[in-house]
Amino acid sequence: NTELGTIIGQVLAHDSDQGINGQIKYSLVSENSISNNRKIDDLFILDPDNGELILNGQLDYETNQFFSLSVQARDCGVGSVPAYATIEIIVIDINDNAPE
């Protein structure tokens, strides 16, 4: 029931360099398709400037209970070396009620 546009997490990388060599850009590198031919990018947006992970699509527990996203952090300098992290998201089913 999380509203679209909600920030659900954030990644953060540090680079001690000065100037553009210290400016970090974030991106999702997961190419995983999920059910109904949707892609991870259909459900989640990663802000390239601040690393905030934003919900972009409705999640359905009955379709997918778990997501694993690969994130790349890279500085803006020439020949930069990327760093990677994994974000794991567990979907909780809140609309199924036990019989009374």
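Select Ile94, which lies in the segment after strand E8 (strands are DSSP runs of E, at least two residues long, and are numbered from the N terminus). Ile94 counts as exposed because its relative accessibility is 52%, where exposed means over 50%, buried under 20% and partly exposed in between, with a 1.4 Å probe and protein chains only. This is a predicted model, in which local features need pLDDT of at least 70 and side-chain atom pairs count only at pLDDT 80 or more, while totals for chains, interfaces and linings use all residues. Residues are numbered from 1 along each chain as its sequence is written, and side-chain values use heavy atoms, with hydrogens and water left out.

Next, color E7 (residues 66-75) together with E2 (residues 24-28): the two strands run antiparallel and are joined by five bridges, and strands pair if DSSP finds at least two bridges between them. Within this pairing, Lys25 has Arg74 of E7 as its bridge partner.

Finally, show the rings of Phe44 and Phe67. A search of the whole structure finds one aromatic pair. The ring centres of Phe44 and Phe67 are 5.3 Å apart and their planes stand at 75 degrees, so the pair is edge-to-face (ring centres must lie within 6.5 Å, and planes over 60 degrees apart count as edge-to-face, under 30 as stacked and the rest as tilted). Because Phe44 lies in strand E5 (residues 44-46) and Phe67 in strand E7, the pair ties together parts that are 23 residues apart in sequence. Phe44 counts as buried at 1% relative accessibility, and Phe67 is buried with a relative accessible area of 4%.

Note on methods
Helices (H or I, at least four residues) and strands (E, at least two) are DSSP runs, numbered from the N terminus. Rings of Phe, Tyr and Trp (its six-membered ring) pair if their centres lie within 6.5 Å; planes under 30 degrees apart count as stacked, over 60 as edge-to-face and the rest as tilted.
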